Amino acid sequence: MAASTKVLALESPTQTGEWTVVLPRKGRHRRNSRKITIAKGQQQEQQPWVPTDLKIDPERQSKLMHKIQACMKKIENSQFFLAFLDQMQIPKVLNHFHRVLGSESQLQMVIYGIGSIESHETPRLQLSLALLMKRKFSWIGDIEVFDPVLSATESQVLEDLGCSVLSLNEQGRREAKKSTLFFMPHCEAELYNNLLQANWGVESLNRIALFGNSFETYEQHVSFKYYDQEVSLMNSSVAESVTHILAARRFIDEFRIETISDDYFAAFHDSSWHFFKLACENELQLN
């Protein structure tokens, strides 16, 4: 359809029995490495959610709306966004979107793990990209958003922007009963794994387009060299949290996102489009 106009490293477990997966940045960004924590044996039941602060602050609401509008304008006028749109419309990528859409007219968008859009620019840039995608492409439909850190004020701003804030912490376990675009930049590996596990079937996976951390990078660094010997993490809690990610690599087409400039590196580095190509259940073996 036409438009409408790192590397993984493993640190030692913490005192709480958690492993930390580090995604270092390139060059001078390295000291600002982003950490992903994976709790061992963590229960992941879906739970009702409300913001911890129930009061909406009108002044903060106004300031935040202004910041997001400024972010959207910044991205929309950037070379990064032009390159991003061009990539979405190359035949290989566009054909995948068509296939995911099937007979439906729009892809629902679900945004997980956006973070605090009030406190940090990176989440604002990520949200702005999602909003601009919906503005540019008529085949992107309603947007649902969830992150447990969202405040009442942030939730209201998201609603004002036309998004729906979920009242249930799904832990990423949304079953794609219709064509869905999951927008999950820089989420924890466990969240991607939960999503895949909840949709581990031919029909469900073929209904998904996923924007998030590169699965290729997870595959490349789930094992590492130690004194010239290959050391596997497959029996560790970290490896358990990427089991479905690694299995999915066999039937994924992945398209890397180019950040173009340092302005967008923090928000989108090591991000990719992922599309699932399955013909039969036999491809879903985990081992």
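**View 1. Side-chain contact between D270 and R256.** In this predicted model, the side chains of D270 and R256 are joined by a polar contact of 2.8 Å, a polar contact being a pair of N or O atoms within 3.5 Å of which, within protein, one must be able to donate a hydrogen and the other to accept it, while residues adjacent in sequence count only if both atoms are side-chain atoms. D270 is found in the loop between α11 (265-268) and β14 (271-276), where helices (H or I, at least four residues) and strands (E, at least two) are DSSP runs numbered from the N terminus. With a relative accessibility of 12%, D270 counts as buried, a term that means under 20% relative accessible area, as against over 50% for exposed and in between for partly exposed (1.4 Å probe, protein chains only). Phi of D270 is near 60°, a positive value in a residue other than glycine.

**View 2. The loop residue H186.** H186 lies between β9 (180-184) and α6 (189-198), and its relative accessible area of 5% makes it buried. Although H186 is not a glycine, its phi is positive, at about 60°. Most residues other than glycine have a negative phi.

**View 3. Helix α4, residues 121-136.** The end C-alpha atoms of α4 are 22 Å apart, which agrees with the 22 Å that its 16 residues should span at 1.5 Å a residue, the expected span being 1.5 Å times one less than the number of residues. Twelve of these 16 residues are buried, so α4 is largely enclosed by the rest of the structure; among the buried residues are P123, R124, L125 and K136.

**Notes.** Residues are numbered from 1 along each chain as its sequence is written, and side-chain values use heavy atoms, with hydrogens and water left out. Local features need pLDDT of at least 70 and side-chain atom pairs count only at pLDDT 80 or more, whereas totals for chains, interfaces and linings use all residues.
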